[in-house]
Amino acid sequence: DLRSPSIAKRWARGKRRFLSRMLPSAVQSAVFNLAVAQRVSVGSYRTPSDGDVVCRRAGTRPFLFADALEELQPELIPMGPLPGPDMLSATGSVLEQEQDCLAALGLGDEDFAQFRRHSRGARRRMVETLQEATIEQQDPTALRVSFVLPAGSFATVGLAQIAANVHTASEQTC
């Protein structure tokens with residue numbers, strides 16, 4: 001619980017500083033993961049909708065989807081919340097969904113105010129594209145996979161998607 005100062009008393013003295021910085025970051029990631037999971041479950045994680053905060057495919061600056069020029073819309077990617085006092089808020093039903101994710105963890109926006117120094121809040125893309133991707137068959141049962149992702153992305157998610165596609169392709173050829 002971010003609101004409980006007593007939690008730090010349970011940590012070893014030498015680890016309190018590190019863990020007190022890590023805790024809000026871990027909670028931010030949990031909120032982001034809940035928001036993305038919800039969007040994945042309804043199939044809307046790739047398509048911006050009214051109220052979304054988005055960025056350009058080749059950019060990182062967040063802005064409201066409503067402010068996007070129509071010709072830019074095909075290259076926009078929805079961004080999920082990493083809560084904090086400086087995070088650009090979504091609007092409408094998207095904001096409500098993000099607030100529900102916070103509430104599911106027993107939190108509200110105000111819980112991140114005390115961590116302004118270390119976790120100011122941000123937005124992260126819901127979809128990342130593998131860069132410099134290569135796949136080489138090493139032998140009949142092994143592949144060598146290589147790719148680059150931006151900081152904050154998880155290679156295991158990319159590998160899971162590749163493995164699912166390889167599995168689907170192998171089922172179709174049998």
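## Exercise 1: The second largest pocket

Ser25, Gln28, Ser29, Leu82, His118, Ser119, Arg120, Gly121, Ala122 and Arg124 line the second largest pocket. The structure is a predicted model, where local features need pLDDT of at least 70, side-chain atom pairs count only at pLDDT 80 or more, and totals for chains, interfaces and linings use all residues. Residues are numbered from 1 along each chain as its sequence is written, and side-chain values use heavy atoms, with hydrogens and water left out.

**Task.** Find which element gives the most to the lining of the second largest pocket.

**Solution.** 
- Start with the term: on a 1 Å grid over the protein atoms alone, a pocket is an open set of points where a 1.4 Å probe fits, with protein on both sides within 12 Å along at least five of seven lines; lining residues have an atom within 4 Å of a point.
- Next, look for elements, which are DSSP runs numbered from the N terminus: helices (H or I, at least four residues) and strands (E, at least two).
- Helix 1 and strand 4 each supply at least two lining residues here.
- Helix 1 gives the most, with three residues.
- By class, the lining has two nonpolar, six polar and two charged residues.
- The space in this pocket is about 170 Å³.

## Exercise 2: The largest pocket

**Task.** Work out which residues lie nearest the centre of the largest pocket.

**Solution.** 
- This pocket holds about 630 Å³ of space.
- Of its 21 lining residues, Met126, Val127, Glu128, Val157 and Gly158 lie nearest the centre.
- Helix 1, strand 4 and helix 3 (155–173) are the elements that give two or more residues to the lining.
- Helix 1 has the largest share, five residues.

## Exercise 3: The sheet

**Task.** Give the order of the four strands in the open sheet.

**Solution.** 
- Two strands pair if DSSP finds at least two bridges between them.
- The order is 2-1-3-4, and the pairing is antiparallel.
- Strand 1 (residues 53–56) and strand 3 (residues 76–82) pair over three bridges.
- Arg56 stands opposite Leu76 in strand 3.

Conventions
Points joined across faces, edges and corners; volume = space filled by probe spheres on them. Nonpolar A, V, L, I, M, F, W, Y, C, P; charged D, E, K, R; others polar.
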